[in-house]
Amino acid sequence: MNPLAQQLNETLSAESPNVHAMLSALGKAIYFPKEGILSQSAEAKAKAKTFNATIGIAIEGGQPMHLKVIQDTLTAYNPKDLYEYAPPAGKPELRTAWLEKMLKENPSLEGKRLSNPIVTNALTHGLSIVADLFAEAGDTVIIPNKNWENYELTFGIRRGAEIVEYPLLNDSNTFNSDGLREALLAQKDKGKAIVLLNFPNNPTGYTPGLQESEEIVAAVKEAADAGINVVVVTDDAYFGLFFEDSVHESLFGKFADLHPRVLAVKIDGATKEDYVWGFRVGFITYAASSDKVLNALEQKTLGIIRATISSGPHPSQTFVLKALQSPDFDAQKAEKYDIMKGRANRVKALLDSGRYGDTLAYYPFNSGYFMCLKLSGVSAEAVRVRLLEEYGIGTIALGETDLRVAFSCIEEADLESLYDTIFKAVTELLA
């Protein structure tokens, strides 16, 4: 094993043996090189005042070389903020700005020991980093049965972990904390579990309330008390889009210092929150008991980044940073929030109006981009195909009964027509 990796492992073992035990074999072996091209280039950038012939970019006239046809579309930006490589951890100013935003929006993080957010190539990349560091064959990843299909690919197919599902909702149509608790305690013999919590939930658009959140935290703590090392990952892709009386913070803050056997990891980003899907700017943040643990986890995370994408795209990081620094940022986000909330409320009003009888039952939703219909007597796939082929309407069929509808991409004025047509397609198939 590389001495740098061994040193990081020794630090983790001494500072937090539980976190060290959570690492996969790859997680133990990975490190960020202190010598080599990146470190030598960084040293040269600081000291090479005559000529800097290190890292592989081209320079012309003291600026990164670029094509005029590209720069003409980006004249508001200095070439140095677009064309150079971003550091593997991301643009430093962006990391600082995102941390400030996170602390502002999550008061429960006050006083918690956090890493500086590390920039990822959007949220899938952040989840992939978690999978590489902590998951391998024989490990258990616990998710609700209403989940994003990429979890299976990222943790199951790529890393060979066993996916264990529990029903998202209980008989009262609230979060099934008992199901989570049972799935966790069933891992006692393994002594380790990875829990993925995605709120607002994709595909249902559900976020738990305060009491449910407390029950979720209690379930994780009970597992930790039982001797299970728990990596808790909050997938906060749709953070901030809370439309009703759910919790309006990430549960990351509740897990940050919950128990020595609990490692809290937050995956978030500008992608969905700030409506910049194609920019691919996400973040991964850790909470731990000491700065030494956080530093070791950061170094291992940077090792994964260096070994896969090397670093994220610089232009999109610059664009997000400029947005965060703008005095108009909060007001413009509030405008978009009101539009999204209006759409969600309109969908709920239509479904609760009685115009569709019992035909369009739905899972509870109070946040995010989506809602899910719970169909009966007809398959969701048959409805999806009929809507597409007969009416030119696209939806997503999930399993036998669930039809996901993204109200995020439908104008509020068009929602009535959309759901009337869904109702028509279902009744035609039931006839």
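Predicted model: local features only at pLDDT ≥ 70, side-chain atom pairs only at ≥ 80, totals over all residues.
Me: Which domain does UniProt list for residues 70-422?
Reply: The unreviewed UniProt entry gives "domain: Aminotransferase class I/classII large" for residues 70-422. UniProt positions are given in the numbering used here, feature names are shortened, and annotations may be inferred rather than shown by experiment.

Me: How much helix and strand is there over residues 70-422?
Reply: Over that stretch the chain is 41% helix and 16% strand, and its end C-alpha atoms are 44 Å apart. Helices (H or I, at least four residues) and strands (E, at least two) are DSSP runs, numbered from the N terminus.

Me: Turning to packing, at what angle does α7 meet α8?
Reply: Helix α7 and helix α8 (residues 150-157) pack at about 30°, with their axes 9 Å apart. Axes are lines fitted to C-alpha atoms, for helices over the stretch in contact, and angles run from 0 to 180 degrees between N-to-C directions. The two helices α7 and α8 are therefore roughly parallel; angles under 35 degrees count as roughly parallel, over 145 as roughly antiparallel, 65 to 115 as roughly perpendicular and the rest as oblique.

Me: Which residues of α7 and α8 meet?
Reply: From α7 they are Thr124, Leu127, Ser128, Val130 and Ala131, and from α8 Asn150, Tyr151, Thr154 and Phe155. Contact here means heavy atoms within 4.5 Å. By class, the contact of α7 with α8 has five nonpolar, four polar and no charged residues. Ala, Val, Leu, Ile, Met, Phe, Trp, Tyr, Cys and Pro count as nonpolar, Asp, Glu, Lys and Arg as charged, and the others, Gly among them, as polar.

Me: And how do α7 and α13 cross?
Reply: The axes of α7 (residues 122-134) and α13 (residues 291-308) come within 10 Å and cross at roughly 110°. Helices α7 and α13 are therefore roughly perpendicular to each other.

Me: Which residues meet there, in α7 and α13?
Reply: His125, Ile129, Asp132, Leu133 and Phe134 of α7 meet Leu297, Lys300, Thr301, Ile304, Ile305 and Thr308 of α13. The contact of α7 with α13 divides into six nonpolar, three polar and two charged residues.

Me: New topic: is Asp236 buried or exposed?
Reply: Asp236 counts as buried, at 3% relative accessibility. Buried means under 20% relative accessible area, exposed over 50%, and partly exposed in between (1.4 Å probe, protein chains only).

Me: Where does Asp236 lie, and what does Asp236 touch?
Reply: Asp236 lies in the loop between β7 (229-235) and α11 (252-255). Not counting residues up to four places away in sequence, Asp236 touches Leu123, Phe199, Ser250, Lys266, Ile267, Asp268 and Glu273.

Me: What about Ala223: buried or exposed?
Reply: Ala223 is buried, with a relative accessible area of 0%, and has its place in helix α10 (residues 210-225). Leaving aside neighbours within four places in sequence, Ala223 is in contact with Leu184, Leu185, Ile228 and Val230.

Terms used: Residues numbered from 1 in each chain as written. Heavy atoms only, no water.
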